[in-house]
Every structure is written in structure tokens, then in C-alpha cells.
Amino acid sequence: MDISVDFQAWWQQVADFSQSHKLPASAVLIIVFLLTKRAILRLLKKRSKKTGEDRRHSINIIEQLGNATLLVLLIMVWSTEIQNLAISIAAFMVAIVFATREFIQCFMGFIYYLGARPFRVGDWIEMNNIRGEVVEMDWAKTALLEVDPESHTYTGKHLYIPNSQLVTQPIRNLNFLRRYTLHSFTLVMEPETNPYAILPAFKTRTLKHCEHFREVAGRYKSLIERHMEAEFIDIDPDIAIETNQFAKLRITVSLFCPIDEAHTLQQKISEDWMALWHSEIATANRPSGKTVAEE
């Protein structure tokens, strides 16, 4: 009972001091709050380094919520002055809202992000034809480290996207395709010979190039499809032969492969097709020659 009374008396003294000496009280509040937040963030970073876990998302959320909490506390301390100020500028409120509508939309986009959680810090996303890794986010903007869509490597450029676009633009979370990707490329040839004659040999060589990561790709495929609750990935290479509007042959190869090997695999598979293709043309021009597939 005495402890409760002492606490109430102490709290009343603090409240009276903050109301009568608002500027010193605000300074003390800011210093204490920032030191506490800094200590908590330092503790989380040390624990993250010790365990090896990626806690950037948690650190970012705590930092932004801490800033918001500090802002609310300062508003409570200066509530009377803010109320008087709001009353005095009521006639200009419409103009102020109109002038700050972009900031309001960014803040509402941040609120939408907190509720929907379409991505986290560290995820790969694609938004408005821009692809990158989320490295930082606050109430106004989302910072991305740009990723080249062709080579799947970092370009070294930082992109800052207003949070208002989180509500108006579609967001693609590419995190599950960060290690493996559905890579597709097309070879265009003159119809100088029958491409189906070399197709079996080409499939055999393509499968051989993909054999070393087939087991890991199967496990990663199962993980993605279990998360998406849909089966849409084939780990075997898919080869399609068709013609375009100019009567040229289009050989399209689709692979589910590691991102860091996509370019190398494309070069090796293209080299195999060219070797088989020109060998078949040379064999077909011989009167009594055999095809590559028959050999």
C-alpha cells in the first residue's frame, strides 16, 4: 500500500515537473529514450552476430516503432500548446493537408506494410518494373539494392521508393526465387535442316549439365511449392521448338537452376546446340552421310 502511494506521489511530481518545465522535460525524455533504444539495438546486433541470424528486419521495426513512441510522448508533453496551435491554424488546415498529401500517402503506405507484411528487410522484391533487395525501410521510403533481372547480380545502385507506391503498385516477393530461378532463353536459327533430328542428343547433353544440382533443386522446388500451395515447377529442362513471324526457328530452353549458374548454363547449352546444329547441317549435305542422332 505504501509503495503504491509512493509511486503515485512520484508519478504526480514527474507529471507536474513535465507540465511546468516542458523544455527540460522534453530534453531529458529524448536523451533517456534514445540511450535506451541504442542499448537495445546494440544488444540485438551483438546477439545476431553471435547466433548468425539475420535480425535486420526486427532491428528496423524496433527502431521505427521507437521513433514513433518518442513522437507520441513528446506530443503528450506539448499537447496543450499543440492544441492551441491547431486551433489557431484551423483556417489553413486544408492547405496544409493538400501540401503534405504525398507525406500522408507515404505514411499510410507504411501503415499498410505493417498490416499486410508483403515483404521483410532482406527479401528480394519487384515493384514497378524495379527489382532489388530491401535493405532499409522507414515511414517515408523503402530502400532497395538494385538487382539486375538478367544476371541476378547486384548492380551497386540504391533505389529509394516512396511508400505511397506500396498501395498503388503491385508487389512481387521474389525471396523464394533468390537461390534458384526459372531461367529461360531463346536461340533463333535459319531453318536449314530438321531440328528434331538433333533434339534427343541435345536433351541428353542438357540433362547432363543440370545433373550436379538436380537433387538440391528437387528439395528447393518442394519447399517453394509447399509455401505457394501449388505445383508449377519442373526441375527437368524444357525444350520447345517453334517458328516466329519471319519463318525463323526459335529454340526456347527453360531451366530451374541456381541463379549464380544461370548465365554459365546458358552459354554451355547454347554451345552444345550450335555444335550439334552445324554438325547436322554438314552431315545432311553429304550424299551418304548419317545424322548426328543416328551416330
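## Strand pairing

Two strands pair if DSSP finds at least two bridges between them; helices (H or I, at least four residues) and strands (E, at least two) are DSSP runs, numbered from the N terminus. The model is predicted: local features need pLDDT of at least 70, side-chain atom pairs count only at pLDDT 80 or more, and totals for chains, interfaces and linings use all residues. Residues are numbered from 1 along each chain as its sequence is written, and side-chain values use heavy atoms, without hydrogens and water.

S7 and S8 form a hairpin with 5 residues between them, and Ala-247 in the turn has a positive phi of about 65°. Their pairing is antiparallel, over 6 bridges, and Ala-240 stands opposite Thr-252 in S8. S8 also pairs with S6 in the antiparallel sense, over 10 bridges, where Leu-182 stands opposite Phe-256 in S8.

A nonpolar core is a set of buried Ala, Val, Leu, Ile, Met, Phe, Trp, Tyr and Cys residues joined through side-chain atoms within 4.5 Å. The largest has 29 residues, of which Ile-251, Leu-255, Phe-256 and Trp-273 touch the most other members. Helix H10 (262-284) is among the elements that each supply at least two residues of this core, and H10 gives the most, with 7 residues.

## Surface

Phe-103 lies in helix H6 and is exposed (over 50%), with a relative accessible area of 52%.

Methods. Buried < 20%, exposed > 50% of the residue type's maximum accessible area, 1.4 Å probe, protein only.
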